[in-house]
Amino acid sequence: MEGGEEGGMRRRRRVVVVGGGVAGAFLAKTLQSDSDLVLIDPKEYFEIPWAYLRAMVEPPFAEKILIKHTDYLTNAVIVTSRAIGVTETEVLTDEGRSIPYDFLIVATGHADPVPRSRNGRIEQLREEHEKIKSSSSVLIIGGGRRGVELAGEIASDYPEKKVTLVHKGSRLLEHLGPKASVKALKWLKKKDVEVLFEQTVDPGSVSEGQKEFKTSAGKPVAADCHFVCTGWPLASSWLQETVLGKSLDEHGRLMVDGNLRVKGQKNVFAIGDITDIKELKQGYVAQAHAAVVAKNVKLLMKGAKETKIVAYKAGSVFAVISLGRKSAVAQFPFATISGRVAAMTKSKDLFVAWTRKTMGLSP
């Protein structure tokens, strides 16, 4: 049946998904029964990305947030490898494989330096936990979502520890509105977290075991351990010398049309953080991308006309920043709130039970 149609039956289309983060995992799960699906990912598991900071203070939590691709993909081929190139018909991997596709979805997101195996990642999170547990003082570099949430987790579980957060900007959570920044800062100060604005510590100048630091403003900071919570680069450099290279913008994001199809391509889509859509890059947004592209690929596989495929509509700005287990800052289109009510939307289990159930697993 590889040669095309046989006996009046259309062969199953080959769908290749590159990237096993939120966008890629949700899409692969949705399309696995409708196609010959291949997921290419350098790691053997899907990680619930907004929940791993909790695992750094509560190691057993890692067991729930790290899901092997084989647990939710029961009708797909999983290639644990890094994609290094793409042609008009195939994806090339670093182990020398050429994987043909009829439809390609790029969902590589950011280049997070995590281990290949699930056990390796569990061990890495356990080591981070031991680092926090054995320290009396902690330095956090970066005041975006990751830095603020990590400070919140440590301040909640280890109130006796001295936490210092250094941020190069003039306010925390700069991707959100000023009200969210003010509420987060107020909560951290209440928990005795020291926040230093408009200065930073160069991540390249620090090493493991270092206990004396100096900020760009010359302020000395003593800490038993440190965590770099600045952003990771986009995982798109592998596309630069490929047929999709001209579809990258100056920031390395893939330019997409209203249907999330890569501009200039008929059968290649992009979803998640790697797209050039101007919106907050969050998990629920990646899931919305996956839902739209799943519909469009199903329609195109059935031979639907171009006019029938659906458009993606960016939603209203909604974000919840956890501050430990019992508090949060929630930014809605109509208001920004904080405290226990905000925490009810996320902080208790960080949407982990809901995500696992969505993936077809026990909560």
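This is a predicted model: local features need pLDDT of at least 70, side-chain atom pairs count only at pLDDT 80 or more; totals for chains, interfaces and linings use all residues.
**Domains**

Residues are numbered from 1 along each chain as its sequence is written, and side-chain values use heavy atoms, with hydrogens and water left out.

In the contact (heavy atoms within 4.5 Å) I find 37 residues from domain 1 and 37 residues from domain 2.

**Interface**

I noted the buried area, that is, the accessible area (1.4 Å probe) that two parts lose on being put together, summed over both. Domain 1 and domain 2 bury about 3,300 Å² between them, with 63% of it on carbon and sulfur atoms. Of the area that domain 1 buries against domain 2, W50, R54 and M56 supply 23%, more than any other three residues.

I then checked salt bridges (a side-chain nitrogen of Lys or Arg within 4 Å of a carboxyl oxygen of Asp or Glu). Four of them run between domain 1 and domain 2. I also looked at R325 and E58, whose side chains form a salt bridge at 2.8 Å, N to O.

Next I listed the elements; helices (H or I, at least four residues) and strands (E, at least two) are DSSP runs, numbered from the N terminus. Those giving two or more residues to the side of domain 1 that touches domain 2 include α1 (22-31), β3 (45-47) and α2 (52-57). The largest share of that side, six residues, is from α2.

**Aromatic pairs**

I count five aromatic pairs in the structure. Rings of Phe, Tyr and Trp (its six-membered ring) pair if their centres lie within 6.5 Å; planes under 30 degrees apart count as stacked, over 60 as edge-to-face and the rest as tilted.

**Salt bridges overall**

I get a count of 20 salt bridges by the rule. In one of them D36 meets R12, with the closest N and O atoms 3.1 Å apart. D36 lies in strand β2 (residues 36-41) and R12 in the segment before β1 (14-18), so the pair ties together parts that are 24 residues apart in sequence.
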